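User: I have a model on screen and want to learn how to read it. Can you take me through it?

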Amino acid sequence: IAKSFRFKFNYYAGRDLFTCNEQVKLQYESARKNLDAQNLKFFGFHLVEDFVQPEDQQTLTAFIESITTWGHRRKVSDGGRSLTFGVNFHEKTYKIKSFTQIPPILRQYGKKAMRRALEIKDLSTYACRPVNSNNPPSVDQIFLNRYTKGQSLGFHFDGRREFGEIICGVSLHSDSTLLLGSTSGSAEVASEVEKRKTVVAVRIPKNSLYVFSGMSRYDLRHAVRHGESTPRHSITFRSVSDEVRQTRKYREHTQRVPALESQRAGLISSV
């Protein structure tokens with residue numbers, strides 16, 4: 001069912017902005033109603049434990065601890081904290097709002113995460129859009145989240161039009177619970193939600209890499225519940241979609257970046 005969804009959804013997603021007709025909906029409806037944590041690869045979700053090595057954890061932790069100003073994260077209970085690097089989109093229009101510089105340490109680690117995601121067996125099999133294992137997606141946006149005990153992030157999609165097929169991230173400093181399922185979006189995560197057959201709870205160990213693709217990207221919403229006493233940080237890596245790459249604003253930005261980097265290099269060499 002999931003494999004059938006992959007081909008059918010890919011066709012309709014490209015032409016009709018991620019909507020499909022009633023006949024196609026019936027074909028994958030049973031898949032949405034019988035989620036199984038042991039078979040999430042069929043839905044495009046993958047987990048790589050112990051991905052973050054001790055030396056990388058120290059480097060990333062040092063960077064996080066150097067942050068003095070956090071932004072407010074919508075849909076996180078009790079006031080979540082977050083930071084966005086790279087491309088920013090308007091929350092209502094979903095058009096490009098601005099660009100901020102991506103710290104080199106995060107960009108480098110994002111590329112490493114994307115390369116590892118492409119090595120996952122069956123990733124391309126259940127993806128909705130073509131995946132080229134020899135051409136890792138670019139890292140256009142990095143989203144940093146901070147969770148404290150009792151906080152939760154409501155059910156949502158990660159921009160289905162704005163971002164590419166693969167979205168991956170790392171979980172640091174504490175375990176957490178990811179809820180994945182066919183449900184409506186909500187700011188709060190009720191305790192009884194995960195008891196539904198349409199929702200599955202996935203334990204995300206610290207230092208693991210999680211990957212969304214296929215149905216887990218385009219049809220199933222996800223939420224986060226953090227119940228550990230130790231604060232948790234997640235770093236999410238995203239590439240923009242082909243549609244976004246074709247926009248004038250994105251093209252103008254990519255043309256400016258090499259010039260700015262060359263200018264910085266010249267300043268450094270002159271010093």
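Analyst: We start with confidence, then look at one serine, then the cores. This is a predicted model.

User: What is the average pLDDT of the protein chain?

Analyst: The chain averages a pLDDT of 79, and 74% of the residues score at least 70. Residues 6-21 fall below 50. That stretch still has 28 contacts in the model beyond near neighbours in sequence. Residues 259-271 also stay under 50, with one contact beyond four places in sequence. Where pLDDT is low, the predicted coordinates should not be read in detail.

User: Is S174 buried or exposed?

Analyst: Buried means under 20% relative accessible area. S174 has 5%, so S174 counts as buried. S174 sits in the loop between strand 7 (163-172) and strand 8 (176-181).

User: Which residues does S174 touch beyond four places in sequence?

Analyst: They are I204, K206, H226, E228, T230, P231 and R232. Take H226: 52 residues away in sequence, its C-alpha lies 8.8 Å from that of S174. For T230, the backbone oxygen lies 3.4 Å from a polar atom of the S174 side chain.

User: Which residues touch the most other members of the largest nonpolar core?

Analyst: V170, I235 and F237, out of 29 residues. Helix 4 (104-118) and strand 12 (232-240) are among the elements that each supply at least two residues. Helix 4 gives the most, with six. Beyond four places in sequence, F237 has contacts that include L106, Y109, M114, I142 and V170. A second, separate core has 23 residues, including F89, Y210, V224 and V244.

Methods:
Residues are numbered from 1 along each chain as its sequence is written. This is a predicted model: local features need pLDDT of at least 70, side-chain atom pairs count only at pLDDT 80 or more; totals for chains, interfaces and linings use all residues. Side-chain values use heavy atoms; hydrogens and water are left out. pLDDT is the predictor's confidence in each residue, from 0 to 100. Contact means heavy atoms within 4.5 Å. Helices (H or I, at least four residues) and strands (E, at least two) are DSSP runs, numbered from the N terminus. Buried means under 20% relative accessible area, exposed over 50%, partly exposed in between (1.4 Å probe, protein chains only). A polar contact is a pair of N or O atoms within 3.5 Å; within protein, one must be able to donate a hydrogen and the other to accept it, and residues adjacent in sequence count only if both atoms are side-chain atoms. A nonpolar core is a set of buried Ala, Val, Leu, Ile, Met, Phe, Trp, Tyr and Cys residues joined through side-chain atoms within 4.5 Å.
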